[in-house]
Amino acid sequence: MELDYNTLGLKSGLEIHQQLDSSKLFCNCPSLLRKEEPKFTVKRKLHAVAGESGEIDVAAAHESLAEKEFTYEGYDTICLVELDEEPPHVVNKEALEIALQIALLLNCKIIPITQIMRKTVIDGSNTSGFQRTVLIARDGELEISSGKIGIATLCLEEDAARIIDKEKGIFRLDRLGIPLVEIATKADIKNPQQAKEAALKLGELLRLVKVKRGIGTIRQDVNLSIKGGQRVELKGFQDIRNIERAMEIEVQRQEGLVKQKKSIAEVRAVNSDGSSRFLRPLPGAARMYPETDLPLLKISREKIDKAKKEIQKVSKEELKIEGLSDDMIKLLSNHNKLDEFKEMLSIINNPLLIAKTILIFPKEIASKEKKSLAEVGKTLNRDVLGNVLENVAKGKIDEGNIKHILEKIVKGESYEGVIDNKKEDINFIEERIAKIIKEKPGLSINAYMGLVMKEFKGKISGQEANEIIRKYVK
Amino acid sequence: MKIENKPEPGDLVEIFLIKNSYKGIFLESPESEKGIFLLKLDSGYNIGLNKKDIFEIKVLKKSSEKKEKIEVKKDKEKPNIAMIITGGTIAARLNPKKGGVDWLDTPESLFKFYPELFKIVNVTKVEVPFMKASEDMDYKDWQKIAKTAQKFLNDSNINGIIITHGTDTLHYTSAALSFFLKDLNKPVVLTYSQRSIDRASSDASLNLECAAIAAISDIAEVFIVGHASSNDDFCYALRGTKVRKLHSSRRDAFKPVNTEPIAKITRDTLNLLSNYKKRNTNKTRTDLKFEEKVALIKFYPGQDPDILEYYRKKGYKGIVIEMTGLGHVATKRARKGWTKKLKQIQDRGIVICAASQCINGRLDPLVYSNGLEIFSTGVIYLEDMLAETALVKLGWVLGHKEWAKNKDEVKKMMLRNIAGEFSDRLEN
């Protein structure tokens, strides 16, 4: 069933948490996740603390229903700051610089005087009982195909400790304190497709600066509400592709709740199938108070100018270094292919060839075969294209042959089938090599290599040629 | 700047800059940032605005802080204790709505923050002789605490007392109370917090709960109760004369020196670990005499002994020198030897005592000829006594004219074990 998001009055915003690649935000420990057995453990308890008017924050109260003991695992890469045994050091300079660069990339207004805050969190994921966070910038924008999405706020904050055993309340301190930027868009997103696109776009943009890469280094949350309903936060997407599905399911659930007048403000965890489960009530603003151990954070003109210069350098380097034309860069960016492009660069260092393979060829094939680009894209997905390019890099596929091979795949031939064809080719080549050796006996292996590679360049790798020649030269 | 009604902390305001405006709750400016207005935005985040950039401030809504009524009910089944609140992290709380600090100085405010404490005991009396950071205190404050403590100790409805205090000089206060309170009949428990009480991880809760257990225990001594380790599992009871702050920030900042803890205390148990004076029916007295003209100096290599002249000219009556190792300062063989000056200064009636910079271990001037040379000038070597305790004790001893007039009497008193300040045996 296609949902009519306009009529439902869907309002949605994204919250992206991205780890930065610097040492920790409030101490000098390396931002290093550990796999070994912990070197020591510390046991702690957390207490709900009443707010000024005596009320305990609704989310904090939910967490503290049962006073629980927490165990924290530590290593030689952990210091007293993560253990809540030493006051925080001043904000890590590099992390602040990176955050400012991101703020500028999103055209945000930077806040020159701001205060580091403590956000009450008593689920045990912070030894202190709060997460330190500071509002760095606000009012930016992100461009997606359907228009502009406003950026409400950009905060710099510390990551939480890692859950090792939820039941037993065991956390690992390695992740606690890793710098994060939290980017919250305005509720400008009108449908799930836009949400997914905005998330992808933000991810791409973040990779222009010094951020951490890999699983768990970026996390997306979706805030949504429909007409007559409360705000819901969806958390913990394992895969960005799940955003659309999860939003669809939640909107449907909300539709039902609104009819029964049962919609409540809550935080929900997304399951792998896109459904979600209740996590806790949505926290109120009452859970924020100042970090009294640190002075006001003042962001000078010089710091902002430095970040601006860095951004100009970063974007130029990033885009020019690959030897692509500005138009090609724009094209990649418009098709959300920058990320894929960079992934392929690690497979084969030939930017133009990659651009052709992931962008131009699929387009040409689509128009030739009278198929939509999306349809072609489903067949020629990242894995297939990556594999083809890998074989090009290994010399198993000739550059000039790529388009032909992709065409065959789109026409329905299996990828393995295409590769099998290549095996036949090798059998044929071997015959020819045997013949060359027979015709010119007594030469060195190197000399045969020269002859063979001259004739079959691109169709066979040096290693393959070498193996075949050795079969016939004793 | 145009200001419509002067905004008070807590008011909802709109602040206009040249280009844009911000709405939020008006907060108190930090002490060191008088040129800045702080504003709490809707999101809960605070930002700062330079006063000189502000064009106009409009008060949108006055703060309407309602005083809540909290009733602390007494439970006849529970033992009664009294509390003396003197300031420090454990009694100060940031008011996030205004930005300033609130003090916890009534049973109601204590109840709000430490409801667990009231599960163990009734806090029937709370007295606040002053509110100070502990580094701002001096002997007059110790005297005030002692007088208040005496009053509570001789109240038959009260089982024991808890004194909350800043950490920095807590061990000086604990030493002073150990000498000031005579014929002690009930527990006098000092406790603290290293993590502010407005955070969920505050160490104050465990410290206070264990202090309550200690205050109704059998230990009639002056002692500090606080975290035994970084874990939130148990505390130690540490004798007031043999304890020192040995870490600037950890929860277990206080460690026993040259002794063992008196007891290990969890939230519901107390295990005795060493000898102690038992609860009794004495009437507790105070002996508050104190000579203010005492000093504690730390010897360092190359230090000019003329520093002693400064103290003499200023009318000091006694000095504790934190000496190196077993009890040494520069001798005759040094470029700036102290031997002669020490002799001169003592001849003029100033009492010189020695304590060790090593903190751990006992002094012994007889091992090296250098030690013997210093010892021979008449310096009183205070065995394993802590330098801080030594300073307090010297002030207390010299405060007694009948002892102070005779150097031998002073020496006898300084070396007499009055409040557990000496250990006969060191196991570590």
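"Buried" here means under 20% relative accessible area, with exposed over 50% and partly exposed in between, using a 1.4 Å probe on protein chains only. Keep that in mind as we walk through this predicted model, in which local features need pLDDT of at least 70, side-chain atom pairs count only at pLDDT 80 or more, and totals for chains, interfaces and linings use all residues. Residues are numbered from 1 along each chain as its sequence is written, chains are lettered from A and ligands numbered from 1 in the order in which they are written, and side-chain values use heavy atoms, with hydrogens and water left out.

**Stop 1: a pair inside chain A**

Select Lys24(A) and Glu82(A). They form a salt bridge, with the closest N and O atoms 2.9 Å apart; the term means a side-chain nitrogen of Lys or Arg within 4 Å of a carboxyl oxygen of Asp or Glu. This pair links distant parts of the chain, 58 residues apart: Lys24(A) lies in the loop between strand S1 (11-19) and strand S2 (40-45), and Glu82(A) in the loop between strand S3 (69-74) and helix H3 (93-105) of chain A. Helices (H or I, at least four residues) and strands (E, at least two) are DSSP runs, numbered from the N terminus. Are these two residues buried or exposed? Lys24(A) is buried at 1% relative accessible area, and Glu82(A) is buried at 3%.

**Stop 2: where the chains meet**

Now show both chains. Here 45 residues of chain B are in contact (heavy atoms within 4.5 Å) with 47 residues of chain A. The buried area is about 3,600 Å², and carbon and sulfur atoms give 51% of it; this is the accessible area (1.4 Å probe) that two parts lose on being put together, summed over both. Colour Tyr45(B), Arg199(B) and Ala200(B): they supply 20% of the area that chain B buries against chain A, more than any other three residues.

How many salt bridges are there between chain B and chain A? The count is 7. For one of them, zoom in on Glu85(A) and Arg251(B), whose side chains meet at 3.2 Å, N to O.

Next, pick strand S5 (46-50) of chain B, one of the elements that give two or more residues to the side touching chain A. S5(B) provides the largest share of that side, 5 residues.

**Stop 3: a bridge across the interface**

Select Asp198(B) and Arg118(A). Their salt bridge has its closest N and O atoms 3.7 Å apart. It crosses between chains, from the loop between strand S13 (188-191) and helix H5 (204-215) of chain B to strand S6 (residues 117-120) of chain A. Asp198(B) is buried at 9% relative accessibility, and Arg118(A) is buried at 1%.

**Stop 4: two helices of chain B**

Move to Glu309(B) in helix H6 (residues 307-313) and Lys341(B) in helix H7 (residues 339-347), 32 residues apart. Their side chains form a salt bridge at 3.2 Å, N to O, and both residues are buried.

Then widen the view: salt bridges that share partners join one network, whose members include Arg44(A), Asp84(A), Glu85(A), Arg118(A), Asp198(B) and Arg251(B).

**Last stop: the cysteines**

The structure holds 0 disulfides over all chains, a disulfide being a pair of cysteine sulfur atoms within 2.5 Å. Select Cys108(A): the nearest cysteine sulfur, that of Cys155(A), is 10 Å away. Cys108(A) is buried, with a relative accessible area of 9%. Finish at Cys353(B), where the nearest cysteine sulfur belongs to Cys358(B), 18 Å away. Cys353(B) is buried too, at 0% relative accessibility.
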